[in-house]
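Hello,

Here is the structure for you to look over. My notes follow.

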Amino acid sequence: MKRIIFLSLILIFIISSSVQALSWAYTFVVWKGNVYEVKQEKITEESKIGKIIGEVKTKPDDMTGNYYGDASNYYPKGTKYYEIKGMSTSTAIAIKENNEWVKAVYIHKAPFHIMNILSNTFFLSSVVIIALIIIGVIIFRTKQSKRSRTI
């Protein structure tokens with residue numbers, strides 16, 4: 001009986017301690033809310049590469065697959081995105097990889113994530129401005145009510 005309980009406990013620990021990690025179907029980068037699949041197509045002519053348009057700033061969660069902002073499931077933070085001359089950035093962009101450029105083709109819009117809003121500088125500055133206006137109104141009304149009491 002003790003042996004059955006002991007083996008049952010060992011089996012429970014073995015099953016519950018399994019490690020899980022997400023496996024990605026393809027290499028991608030996200031820029032301005034668009035997901036681009038990185039292809040094996042190299043851009044050999046440096047004259048086709050335009051200006052830097054962005055960079056990898058976040059990494060996806062390996063357990064859930066959630067990501068936000070300018071992210072990549074393969075490239076490290078700081079990897080630069082470039083425009084391709086003569087091609088719209090809504091179609092494709094270039095990624096610098098080992099002193100070569102590879103093409104990344106638009107495939108779909110990135111899923112919504114609350115951090116896309118919370119990390120947006122326009123949103124944050126709007127919240128600060130609104131908070132300052134509310135504080136200003138409160139201070140103004142407090143001073144007015146003190147003046148009306150003294151009269």
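Accessible areas here come from the Shrake-Rupley method with a 1.4 Å probe, and for residues only the protein chains shown count as cover. On that basis the chain exposes about 11,200 Å², and 62% of this belongs to carbon and sulfur atoms.

This is a predicted model: local features need pLDDT of at least 70, side-chain atom pairs count only at pLDDT 80 or more, and totals for chains, interfaces and linings use all residues. Residues are numbered from 1 along each chain as its sequence is written, and side-chain values use heavy atoms, with hydrogens and water left out.

The fold: the chain has 3 helices and 6 strands (DSSP runs, H or I of at least four residues for helices, E of at least two for strands, numbered from the N terminus). Their pattern along the sequence is α-β-β-β-β-β-β-α-α.

The sheet: the 6 strands form an open, antiparallel sheet, ordered β1-β2-β6-β5-β4-β3. Strands pair if DSSP finds at least two bridges between them. β1 and β3 (49–55) are the edges, each with a single partner strand, so one side of each has no neighbour in the sheet. β5 and β6 pair over 6 bridges. A94 has K103 in β6 as its bridge partner.

The largest nonpolar core has 12 residues, including V29, W31, Y75 and I95. Such a core is a set of buried Ala, Val, Leu, Ile, Met, Phe, Trp, Tyr and Cys residues joined through side-chain atoms within 4.5 Å.

Best wishes

Technical notes:
Buried < 20%, exposed > 50% of the residue type's maximum accessible area, 1.4 Å probe, protein only.
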